[in-house]
Amino acid sequence: MRRINKVAVLGSGVMGSQIAAHFANIGVEVLLLDIVPKELNEKEKKAGLTLEDKRVRNRIVEEAFQNAIKMKPAPFYSKSFVNRVERGNFEDDLHKIAEVDWVIEVVVERLDIKKSVFEKVEQHRKEGTIISSNTSGIPINSMLEGRSDDFKKHFIGTHFFNPPRYLELLEIIPTKETDPALVDFLMDYGRRFLGKKTVLCKDTPAFIANRIGVFSIMSLFHTVKELGLKVEEVDKLTGPVLGRPKSATFRTCDVVGLDTLVHVAKGVEDNCPNDEHQDVFKVPDYVQKMVEKGWLGSKSGQGFYKKEKGKDGSSTILSLDLNTMEYVEQTKVRYDIIGEVRELDDLVLKTQKLFNASGKAGEFYQKTFLDLFSYISFRIPEISDELFRLDEGVKAGFGWQLGPFESWDAVGVKTAAEMMKSKGIEMASWVEEMISKGHDSFYKIEKGQKLYYDINAGEYKTIPGKEELLVLSNIREEKTIWKNKGATIVDLGDGILNLEFHSKMNTIGPDIISGINKAIDLAEKEYKGLVIYNEGQNFSAGANVGMIFMMAVEQEYDELSFAIKQFQNTMMRVRYSSIPVVVAPHQMALGGGCELSMHADKVVAHAELYMGLVEFGVGVIPGGGGSKEFALRLSDEIKEGDIRTNRFRERFLTIGQAKVATSAYEAFELGYLRKGIDEVVVSREMQLARAKEAAISLADKGYSMPIKRKDIKVLGQEALGLVYVGANSMQSGNYISEHDQLISEKLGYVLAGGDLSEISEVSEDYLLDLERKAFVELCMKRKTLERLQSIVTKGKVLRN
């Protein structure tokens, strides 16, 4: 039974500091060390410092760490976690590693330097301490020379992807000497505690994710010239339409850095002489020219794209013409097939249609997919004995929603294999053997578990480590008990139901409102509790703004008021039902998604949560119980001796400035989550199982429906005066518009409980009435309609 209470990170560069930050995120004490400067800088000379001063000796680690703190997006879940990282240097502080449980080396990618560091580490580490390298390319086994048996037994590769907080992948690379128990421990620890997809890799060049991901990019580099495609055309074809990041291919190269990509490609080309696709890793002439010119991407200001400012100050993003090597205006990219599949939610079906498309798009998809399928077939068993590890590595490291073998399943294993044969594209013999045995897919679902085809056994097996997970997509077909266009109710077992959303961006409209009420009806009759969770990219982007806009523009104010009341009533139903309701949000939980979470009996939030009441930016106030809930929580948190108006001001500004938490921990700080009630899980894949456990626990303790609150203390005119004076002065100083002043006053009126002459106790229903009235009145204003229309138009543009 290992416990990781303290880690040492050796090397404070971009990766080292961020790895240290992520361990601090999960509550681990961190020692971050780096080298001692060899000479003073100008600032130190002017200050009269010497090389022996601690500030000088720790300058490299401190500067690197401060740069990490300023990074956007932030590597820390909360600024308060910064204090969990102690900084020092190799000469003065290396002895402190005797106190740690895990030493992670993140120094420069040179074998001689790494060996030198390990030699010094061995002098101080206690026996049994884990020691790992974050190398991305140096063979792990080559670092063992001269090390003790205990060191070898506890040494392993742990390759984090950049940025460590945000990219899920953690590759685990054991050596021939690594204790198998340590491998098992880190595979579980990385998943359970660090929230990673831990992928077991063989010690081969570029490991798994980069080997496959960079092949895909290099293959595309060659294909784009063959097919005469433009940079922006390729990015249109390889982005969200394929379930991949918006940065697609060429923009991703710009972000990562072309030099980094070329370094990995050359590493594979040089070190994999038997790779049947070795020629693909040869750098094309146009890419080599870009490297020579220093056009490396974002780090150099230009790569495949370049931002140019016009004389009027406006910016234009140009793309690189790969034939002339000149930057030109981007063309409007349109492919009929992309328009046809845009509205499809099923990525498998979408991928199938793209693959079978006609014209240039279809030719592109067939060429790139078939080349990829050929390549991955030959990587088994070279880089992994199990095919699912390739999928997990690429999905977690490159942000693909479908891994390469999953994509092959999507287009049809037999279909693709026959096309490969007809085009003279080779595939590994094991694929043909699998097909000949009557197996036509690499994966299948049985009894709620996803199985993969095991090549050595010639049969399907459960993916290791997944047995305890609860995955909606694995049980949805068999366990769905009710659904409509926007929501599905699934039986999770043990008396717990789950409601999931599947509208665009999981926005909350009539279908989801109906689904929430139906789920509570069913749970109250026959079940113990309800979880609200989904597997979409975002929990919910909020209420359906388009519906609100249409009612407002048609001046259907009674209908709008009724719709808002229905929303409010549903949120109150979540709070006041005879069964516990647990909400498990992730990524975006904005507006109505935030209000839904705030009314749950308990929230089991994923650490990567972007939560906030953002209605102010649309020209209204939170109208689904969010304003009411902030007034209620303000009442509960004011203690004897508090300066009431200061507390009020904090709550007011959180909504008034549309503050969005950038992690679940920040959501606690902003008051969206409740300390002592709500909780955070770092592992996304374990979130649903934990939410189900929480619902069972609440039910088994003897859950009783809460009593509606009638004792909410509001400040009335004491707070209203603060709001009106502040809003007026801000508008007079041209810091806010007249419309923003009006919204501020409406929000203040609700939070203060109206124009009451003294501090009074009011009910939730009273505050909901004020909230709804203010919301509808704001929707009558032209400026609000303009903002709503802007949001609706922007949404249509993004979908297109």
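Buried means under 20% relative accessible area, exposed means over 50%, and partly exposed lies in between (1.4 Å probe, protein chains only). By that rule glutamate 629 is buried, with a relative accessible area of 2%. The model is predicted: local features need pLDDT of at least 70, side-chain atom pairs count only at pLDDT 80 or more, and totals for chains, interfaces and linings use all residues. Residues are numbered from 1 along each chain as its sequence is written, and side-chain values use heavy atoms, with hydrogens and water left out.

**Confidence**

- The chain has a mean pLDDT of 94 (pLDDT is the predictor's confidence in each residue, from 0 to 100).
- In this chain 99% of the residues reach 70 or more.
- Residues 796-800 stay under 50 in pLDDT.
- For residues 796-800 the model has four contacts beyond four places in sequence (contact means heavy atoms within 4.5 Å).

**Salt bridges**

- Glutamate 629 pairs with lysine 628 in a salt bridge, with the closest N and O atoms 2.9 Å apart.
- Lysine 628 is buried, at 0% relative accessible area.
- A salt bridge also joins the side chains of arginine 644 and glutamate 718, at 3.2 Å from N to O.
- That pair links distant parts of the chain, 74 residues apart: arginine 644 sits in helix 27 and glutamate 718 in helix 30 (residues 717-732).
- Helices (H or I, at least four residues) and strands (E, at least two) are DSSP runs, numbered from the N terminus.
- Arginine 644 is partly exposed at 34% relative accessibility, and glutamate 718 is partly exposed at 35%.
- Glutamate 777 and lysine 746 meet through their side chains in a salt bridge of 2.4 Å, N to O.
- This pair too links distant parts of the chain, with glutamate 777 in helix 32 (residues 764-779) and lysine 746 in helix 31 (residues 738-751), 31 residues apart.
- Glutamate 777 is partly exposed at 22%, and lysine 746 is partly exposed at 23%.
- A network of salt bridges links Asp188, Arg191, Arg192, Lys197, Glu392, Lys466, Glu468 and Glu685.

**Second largest pocket**

- The second largest pocket holds about 600 Å³ of space.
- Its lining has 24 residues, and those closest to the centre are Arg633, Glu637, Arg651, Gly671 and Arg674.
- Helix 26 (626-637), helix 27 (644-656) and helix 28 (664-669) each give two or more residues to this lining.
- Helix 26 gives the largest share, five residues.
- The lining divides into nine nonpolar, two polar and 13 charged residues.
- Ala, Val, Leu, Ile, Met, Phe, Trp, Tyr, Cys and Pro count as nonpolar, Asp, Glu, Lys and Arg as charged, and the others, Gly among them, as polar.
- On a 1 Å grid over the protein atoms alone, a pocket is an open set of points with protein on both sides within 12 Å along at least five of seven lines, a cavity is a set where a 1.4 Å probe fits but cannot get out, and lining residues have an atom within 4 Å of a point.
- Grid points are joined across faces, edges and corners, and a volume is the space filled by probe spheres set on the points.

**Cavity**

- The structure holds one cavity of 30 Å³ or more.
- The largest cavity has a volume of about 40 Å³.
- Glu168, Gly195, Lys196, Lys197, Ser683, Arg684 and Glu685 line the largest cavity.
- That lining has no nonpolar, two polar and five charged residues.

Definitions and conventions
A salt bridge is a side-chain nitrogen of Lys or Arg within 4 Å of a carboxyl oxygen of Asp or Glu.
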